[in-house]
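Welcome, and please open your viewer. We will go from stop to stop, selecting one group of residues at a time.

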Amino acid sequence: MKKILLASLFVALFLGLTACKSQDEDLLDDNDVPINGDEDPVIDDDPIIEDDATINDVIGLEDTIIVKNAYFNPLKDVVITNQNNEDITHFLHVLGQVHYGKVGTYTLTYSMEYGEDSFEKTRLIEVVEGVIQNETATNPTHTKETVQLGEGSYITGSDASIEHPINPLYIAPNLLTKAVPSNGWWTALLVQNYGGSNGIYTNPLRSSFSNEGVEITNPGSGFVQYWNPEGYNTMANFSLALPDFHLKSTDLNTSYQTTVIDYSDTSVQVSMRNTNNLSDHMVITYAQGSPYIFAEVANGQSPYIKLATNGVSNYEFFTVGGNLINGSSYTGDGIIVKLVQKHVGYQTSRPAQVGQPTYEDRFFLISAPEGTVFTFRNDNHPFGLNNRIDMDLQAQNYFSVAALDKLSEGNYYHEHAFNRSLKGDVSYVIDYTSSDVYTTYHTAYQTLRTDKSETLLQFMMPHHYQNTDAELTQYKIRTVRGELRLYEGNYFQTKLAFNGVIPAMTHPNNDAFSEDLMIEYLTDLASRTKITDLNNFLNDEGPYWNSKAIYPLAQGIIIADQIENESIKSDLIEKLRYVLVDWFTATDQEDDRYLFYNQTWGSVYYSNNDFNTASELSDHSFTHGYLVYAASVLAMYDPTFVEDYGDMVDLLLRDYMHPVKDDTAFAYLRSFDPWAGHTWAHGFGTFAEGNNLESSSEAINSWVGGYLWALATNDQALKDAAIYGFVHEVNHAKTYMFDYSKTIFPEAYSQYAQVAGMVWGGKYDYATWFGANPTFIYGIQWLPNGEYLSSYALNASELTRLSEIYTAYLFAKNHQIDTWYANMWSIQALIDPNEAINQFNAELILNDDYPSDLSQTYFLIHALNAYGSRHTEYIMEVHHAVAASIYINQQGDVHAMIWNPSDASQTVIFRTPTNDIIEVTIEAYSFKSIRLND
């Protein structure tokens, strides 16, 4: 959710296994996404690898010839598949290196262990003199076309009447044969040269591109700075924008061009070329979680490092073993650079005081081939210090850079510094019986030297190591995103529980709830959302603002059905269908609301560009998620809607939640970062601090909508993707937005707040895009107010933490809620529903920003009062058509609220704390509560 940029703050900040590998598919061809019915995936010691796993086919490992200075990617056009024809290339290990800038023949050895199967293949790569051929990709101009899908339609081709994103200009042509990703940690590189010099955060390092070359910085844990805008105390934890050093090749001009030449779930490769020249003078490999950034050059005598001159007292150079290097040169396979007393922050205090600078020594390991000559010299340093390191890599062409926490770590990191990530894959499988989500992080990698360790190193972020049993090393490094811990290996797995989610709650079963009041509030909702009222959100041209009308409508339909008021239900169904059909239909007349499919990006956006959903592909999961949620509810109560407009919902949904990798029509889980475990809101991430996420709750709601739609349409691939995304998004919110573990926020931050209003690649803010009022900062993580919010308090310890967070909010407001009452009382109801009922005041909501929230708020807090808190000791086995959430009240009664949007009765299985089975049959098109512990 974005409104108006809080300019003063952000100026100050700036200064200071269903994830299938795809075949080409026609747009929305359902046959390309398999539905496996009720079959449960096999769960064993490694749920991703089946017991009978075998390597089926090996493609692309023939000997080959390349032209000198044209970069050689050892995995380009290489595909390894298993017995199910799934791509398992990420299991590969490659030995050897190709010096693509030196004529000769090079040997690479490819090997893989997969289950009980394995293979090894030697490949010869010959580098010859020649002219580099420019690859081309067909990107024809498309004429405007209206495409019919069922009763709905959308526009594609050329449409000058609406705004569009810039085409991806800085990407290798061969990568344009599939939908182009956006909403990533590196995607600024696609739309601007140098990526606009914006931040690329791999955790632990920060990087960017400029005329000076590739910036490499250890941002550390940052510092907290305070501001006092609009009379509100606010703050941010961030790092100073002072680079540590730059990498460059002497063959690159002052200005050059960056081009993305490869990417995966967790990595990206960037070539640096002179304008109008195809020679890959330097290629940078980034991998999330890697301690290293790798550089390869066409000319082994060309690379150099220029150390920062601002905010650094001195430089010292050491051997890998920690011995001080005296003199102007050193020959070996690595050095350690010490930036003495680097300026890293300030002593600060509230409300906005900035005191003395703070300093820390920074250590960097440079690992290179044996016999590399490092020469230290002055390059225009104002005090004559040796701030430049020229490197002669002799017969080789690679080196890596890593940040060290201390000098004594050099030998360890150097021993592993010759293993380069090639392709990262993040995949998942749902254990339907236990309702657990297993996520595997697997990396194909290349060992450049066989005399060093062949084990890959990876830093895990908190959300990884808090949910894995993988054995970690003693090595750690602190970042803004918390403490990273080092792991040896190219594979690890996390496990998260899926405890269910439903679109709303069932009828409160106690006397405190008044149906008469409920009808009054629903009548008010119906009266203020009139189809003929052009001033209401219902008719706003902006899809985000439509969501402010249709979410309460969808909730109202469920509530009206629960109290058996057919008149109100029919009225709300008509209004909800009206809005959705308007968006899902592109007419030949003047049409203010329709969907557009961009064939270059493989993305869907709106005729309205509010919040840059079109021009920057921003906020897609937020906005799409509201419409998909509403469509999912409508599918329950108006089954003809699925038949008439289901394909249009799929079109919109697959833009942000497409479960197929490497597809031509849509990017895989476009808005989601598989490594970071959460949605990025901005389409390209063109900010100094990287991409950002503001409303974690709206991101969570987008997965709720996708899950409910998958149930309504019996689409297993989408269902599993939605469950995977949901559990990770909730876990991310608890880990980073609210710091449930109390290990992320530093004390200077947590003593004043228990929430991050915005999470970025390199910072987090106690602020929002539209104001610094604490109600906004906390509330943006708690809207819309639906049943899914109970996922913030799944057990007693989480409920305690949520209570602490809410108490911190009330303290920040002097215990006086000033706006967004519906959201705040919904959280209060999770903690103490009786107190929420006592505080509830219909007039306050009716005179607030979103009066339509009245009916759903009244229903929600009374349902929480009746059913109690979430309960995880009982679980429901994951079902292909039915959703459920389980609650326990103060009397110890355990209820399951069960949602069946299918056209047939369904039998679902619940498991008790002692693993006894309870079978429940629920009728078609029904939503009801069942007591499980009678």
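Begin by selecting asparagine 237, whose bridge partner in strand 39 is tyrosine 764. Now widen the selection to strand 14 (residues 234-238) and strand 39 (residues 763-766): the two run antiparallel and are joined by 4 bridges. Strands here are DSSP runs of E with at least two residues, helices are runs of H or I with at least four, and both are numbered from the N terminus. Two strands pair if DSSP finds at least two bridges between them.

A word on what you are viewing: this is a predicted model, in which local features need pLDDT of at least 70 and side-chain atom pairs count only at pLDDT 80 or more, while totals for chains, interfaces and linings use all residues. Residues are numbered from 1 along each chain as its sequence is written, and side-chain values use heavy atoms, with hydrogens and water left out.

Now move to helix 5 (residues 543-562) and helix 6 (residues 566-583). They pack at an angle of about 150 degrees, with axes 9 Å apart; axes are lines fitted to C-alpha atoms over the stretch in contact, and angles run from 0 to 180 degrees between N-to-C directions. Helix 5 and helix 6 are therefore roughly antiparallel, a label for angles over 145 degrees. Select the residues that meet, including Ile550, Leu553 and Ile557 in helix 5 and Leu572, Leu576 and Trp583 in helix 6; contact means heavy atoms within 4.5 Å.

- Select arginine 350 and proline 351: a cis peptide bond joins them, with omega about 5 degrees. Proline 351 lies in the loop between strand 22 (329-349) and strand 23 (353-377).
- Go to leucine 783 and proline 784, where the peptide bond is cis and omega is near 0 degrees. Proline 784 sits in the loop between helix 12 (774-779) and helix 13 (796-812).
- Pick aspartate 77, which has a positive phi of about 65 degrees although it is not a glycine. Its loop runs between strand 3 (64-67) and strand 4 (79-82).

Finally, colour by pLDDT, the predictor's confidence in each residue from 0 to 100. The protein averages 93, and 94% of the residues score at least 70. Over residues 1-44, pLDDT stays under 50.

Methods
Angles under 35 degrees count as roughly parallel, over 145 as roughly antiparallel, 65 to 115 as roughly perpendicular and the rest as oblique.
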